Amino acid sequence: MRLQPTLRGWALGATGLVLLLLGIGAGSRDLVRIGAVALVVVGAAAGLVAWLDAGGARRPLAVQRRVLPNPVHAGERVGVEVHITSSDPSGRARLAGLKFAEQAATELSAGRPLRARVHRSPGSVVVSYGVQTARRGRWPLGPLVVTRTDLFGTVASTTTLGEQAEVTVWPAVVPLPAPSDVLVGEPDRVALGARSPSTDDASLRDYREGDDLRRVHWRSSARRGELLVRSDERAGMRPVSVLLDLPYRGQHLEWTISLAASIALAMLDAGHPVRLLDGVGAHSTLTGVPFLHTRHDGARAALLDRTVDLDAPRTANDAQSRLVAGAHLLESTEAGGEIVLGVLGPLGAGARTALAHVADTAQGWAVVRSDPQQTGGQRDARATVDALHRAGWRACEATPGEPLLDCWLRLLGSAR
């Protein structure tokens with residue numbers, strides 16, 4: 001609790017002190033009494049306000065905060081309700097006359113004071129307001145700040161109630177079509193061993209990375225000595241890795257992440273096992289980047305959660321190292337028959353070499369950022385697209401900031 005006089009309290013206290021000193025110096029009892037009364041008023045107000053402290057250990061007020069929806073996509077609005085309750089008479093007395101204010105990160109409040117509605121009832125107060133999410137991340141909300149002043153407005157106490165909450169903001173995404181006839185043609189399905197659904201669900205095939213372990217036929221696997229899985233209508237759905245090359249300058253970071261997340265969700269909704277690779281060393285093992293399946297509860301949320309804490313690389317060399325690490329991960333996990341969808345920037349020689357090897361075993365598609373405002377940006381992007389074409393990738397250029405759907409349709413059109 002922070003207890004301090006208001007401007008009126010300072011003025012009253014200073015006046016009382018001056019009158020007290022003048023009364024003593026002049027030998028005037030009336031001036032002494034008036035000065036003493038003024039000081040007593042300020043002191044008594046401070047004691048009363050401190051005794052009614054809302055955050056005191058003596059029967060503290062209970063605070064519950066509800067944030068809906070949470071998580072939320074960037075650009076969407078979030079509703080917040082803060083319930084302050086007390087079950088005893090003294091707590092109800094302390095609730096009366098309180099002023100409430102809520103703290104929020106700039107990414108939620110845009111640096112402006114929050115406008116809230118306060119509904120009071122016996123024993124409880126509800127503070128409700130809305131915030132507009134500005135950008136991806138994890139942003140703090142709260143704690144609640146309560147202020148109380150005495151009847152004369154001479155002393156104010158400020159304290160915080162409740163715990164700090166966290167609002168998780170996913171990147172903004174748009175729905176993208178995932179036409180399987182473009183990404184996975186009929187020859188690919190034959191090569192992958194796609195089958196028609198078996199009537200008794202007993203048709204078996206070799207296990208491939210990304211298959212659900214719950215479909216492993218353990219008896220047949222033990223007999224043959226290698227994993228076999230039951231074939232179903234999704235047996236021909238190829239695993240998809242979305243390879244993310246984050247810009248090190250950061251000005252196009254959110255656009256890049258939004259495009260990658262939209263592509264990953266589109267493929268997940270189409271039935272493909274999907275994983276997101278950003279090349280960070282902590283995730284450079286297969287167990288660190290598992291494939292997510294749409295039939296699993298929370299697959300979409302888990303995929304979007306992977307994007308929340310992504311940060312821009314510090315330097316161009318750091319950005320290339322991350323991309324090369326992601327490409328090496330694809331090679332080390334034997335991603336044969338996999339679809340690799342890259343959201344890339346202009347590549348250096350090391351990254352081009354690493355991605356050329358990926359195309360030896362996987363089908364590669366890439367959107368390459370082309371920034372016309374950067375010197376040589378378009379030239380470097382065109383050179384990268386040409387290098388990817390020579391390595392067997394399908395690739396196209398995209399200008400950061402343009403509609404994500406346009407980028408995606410241009411990439412699909414590059415196959416025709």
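Axes here are lines fitted to C-alpha atoms, for helices over the stretch in contact, and angles between N-to-C directions run from 0 to 180 degrees. The model is predicted.

**Helix H8 and its two partners**

Helix H8 spans residues 253-269, and helix H9 spans residues 299-308. Helix H13 covers 404-413. The table sets out both pairings.

| Pair | Axis separation | Angle | Crossing |
|---|---|---|---|
| H8 and H9 | 10 Å apart | about 160° | right-handed |
| H8 and H13 | within 10 Å | roughly 60° | right-handed |

With H9, the axes pack at about 160°. Angles over 145 degrees count as roughly antiparallel, so H8 is roughly antiparallel to H9. On the H8 side, the contact includes Ile-257, Ala-261 and Leu-265; H9 brings Leu-303 and Leu-304, among others. By class, the residues of this contact are eight nonpolar, one polar and two charged.

H13 meets H8 at roughly 60°. That makes H8 oblique to H13. Here Trp-255, Ser-258, Leu-259, Ser-262, Ile-263 and Met-267 of H8 touch Leu-404, Cys-407 and Trp-408 of H13. This contact has seven nonpolar residues, two polar and no charged ones.

**The core**

The largest nonpolar core holds 39 residues. Which of them touch the most other members? They are Ile-263, Leu-341 and Trp-408. H8 gives the largest share, twelve residues. Other elements that give two or more residues include H9, H13 and strand E15 (339-344).

Beyond its neighbours within four places in sequence, Trp-408 is in contact with Leu-176, Pro-177, Leu-183, Ile-263, Met-267 and Leu-341. In soluble globular proteins, nonpolar side chains tend to be buried together.

Conventions: Residues are numbered from 1 along each chain as its sequence is written. This is a predicted model: local features need pLDDT of at least 70, side-chain atom pairs count only at pLDDT 80 or more; totals for chains, interfaces and linings use all residues. Side-chain values use heavy atoms; hydrogens and water are left out. Helices (H or I, at least four residues) and strands (E, at least two) are DSSP runs, numbered from the N terminus. Angles under 35 degrees count as roughly parallel, over 145 as roughly antiparallel, 65 to 115 as roughly perpendicular and the rest as oblique. A crossing is left-handed if the near helix is turned anticlockwise from the far one by less than a right angle, and right-handed if clockwise. Contact means heavy atoms within 4.5 Å. Ala, Val, Leu, Ile, Met, Phe, Trp, Tyr, Cys and Pro count as nonpolar, Asp, Glu, Lys and Arg as charged, and the others, Gly among them, as polar. A nonpolar core is a set of buried Ala, Val, Leu, Ile, Met, Phe, Trp, Tyr and Cys residues joined through side-chain atoms within 4.5 Å. Buried means under 20% relative accessible area, exposed over 50%, partly exposed in between (1.4 Å probe, protein chains only).
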